[in-house]
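Visitor: I am new to this structure. Please take me through one part of it, close up.

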Amino acid sequence: MSTTLLLTIALISVILLLLLVIKAKVHPFVALLVASLFVAIATGIPAENIMKVILGGMGGLLGSIAVIIVLGAMLGAIIEASGGADALANRFTHLLGPQRMVAALTIAAFILGLPVFFDVGFIIVVPLIYGFTKVLRVSPLKFGLPMAGMMLMVHVSVPTHPGPAAAAGLLNADIGWLMMLGILIAVPVGVVGYFVAKSLNRRKYHLSVEVLEQLQLTKTVDETQSQGTEKNVPGAMLVAGLIALPIVLIMLGTLVPAHLTPGSTLHSLMLLVGSPGIALLITLALAGWLLGLRRGWAKEKLETISNGAIGNAAGVILVSGAGGAFGKVLVESGVGKALAGSLQTIHLPLIPAAFILSLALRASQGSATVAIVTTCGLLSTAVSGLHDLQLVLVALSACFGALGLSHVNDSGFWVVTRYLGLSVADGLKTWTVLTTLMGLCGFAFTWLIWAFV
């Protein structure tokens with residue numbers, strides 16, 4: 001099948017998906033499956049393999065994020081029901097003032113994003129976003145949009161994450177230089193992203209019923225205190241510790257095993273407790289005891305809260321899984337390879353070529369990591385003869401290309417929009433615009449440094 005036809009099919013599939021969700025009001029899970037089926041049939045994937053590809057894409061993604069989403073939702077529900085999120089928000093608002101809160105949390109998101117994958121980190125901080133939203137009586141977008149943008153930027157540009165680390169390996173770039181330059185460029189890009197998110201938040205967006213219900217206080221901290229049960233409201237530092245605990249465990253599981261004897265008991269233990277699912281499970285158990293049972297909750301109440309959280313997380317899980325299926329079908333159909341081949345024939349200079357190729361692959365199949373790995377693999381022979389710093393800059397250009405154009409075939413798009421209560425149309429106007437502008441900004445800084453080296 002010709003490149004032009006493959007790209008046309010991909011474009012039609014995205015348009016079909018948007019029409020189904022925005023105009024026909026079809027649930028995104030069903031719409032994504034319909035779009036996946038259309039691409040599979042139109043590109044000639046054998047009939048007996050179509051469902052295998054769709055289920056493989058869905059299962060591959062859900063295998064890595066379903067446990068995290070469910071455990072994260074349960075942890076957030078317990079923190080919320082205990083009044084902990086409000087207590088933490090009140091404490092920090094009193095210390096820093098409302099005007100500084102968004103900037104402070106955005107900086108915190110940058111730091112938290114270094115050791116933690118984007119999806120995991122964002123789900124962990126969702127209770128914090130909701131807590132500050134309630135206390136300051138603003139939209140969750142005010143905090144969530146810049147924090148999510150910051151976390152995704154770190155995820156694609158710093159080689160503590162798989163995409164940039166793979167880029168270093170494929171291009172033989174020095175990973176130390178890649179980390180230092182990645183962080184150096186990420187700082188001004190993060191500042192730009194903060195102000196872009198602030199500008200986008202000047203508009204009013206309609207939030208989903210699910211998020212509006214989540215933001216309703218069944219019992220505020222003030223009401224609890226007025227009933228003489230102030231002692232049952234957890235302290236702000238306890239809640240902050242519980243939110244930070246899984247991040248610390250994941251960080252230790254990433255950094256410490258490299259300095260231990262492989263196969264030793266301590267090495268195995270650190271790998272186990274540092275995996276995101278186990279780190280969240282440990283934190284959930286502590287939260288259930290410290291915020292619930294120890295403060296007088298009945299076991300039935302804890303069970304009810306946990307069951308409600310699982311129900312609320314089901315929609316995010318299904319839509320994310322269907323997004324993974326859509327991306328997998330696009331990859332299997334050959335759209336990514338066709339697009340990469342057509343862009344290579346243009347013979348652009350290396351830095352813009354790496355950015356445009358990665359951006360196009362990101363837009364066509366959804367995964368930032370796949371876009372980075374594919375781009376660097378295609379350019380691995382073209383970079384021969386470059387010195388270390390130039391190799392790092394080519395890798396970073398590909399990384400920032402993968403930051404942009406997060407849209408309906410990206411599972412991260414659905415995680416962010418669902419938790420922040422955005423419609424698909426508003427998600428495209430906010431999240432897609434934010435990630436694309438941050439990607440362009442990162443590319444501009446990378447190309448500027450290239451001009452001097």
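Is Lys204 buried or exposed, and why?

Guide: First, some ground rules. This is a predicted model, in which local features need pLDDT of at least 70, side-chain atom pairs count only at pLDDT 80 or more, and totals for chains, interfaces and linings use all residues. Residues are numbered from 1 along each chain as its sequence is written, and side-chain values use heavy atoms, with hydrogens and water left out.

Lys204 counts as exposed because its relative accessibility is 79%. Exposed means over 50% relative accessible area, buried under 20%, and partly exposed in between, using a 1.4 Å probe and protein chains only.

Now its setting. Lys204 sits in the loop that links helix H9 (175–200) to helix H10 (209–214). Helices are DSSP runs of H or I with at least four residues, numbered from the N terminus.

For contrast, take Thr283. Thr283 belongs to helix H14 (residues 276–292). Its relative accessibility is 0%, so Thr283 counts as buried. Beyond neighbours within four places in sequence, Thr283 contacts Leu75, Leu242, Leu245 and Pro246. Contact means heavy atoms within 4.5 Å.

How values were computed:
Helix = DSSP H or I, 4+ residues; strand = E, 2+ residues; numbered from the N terminus.
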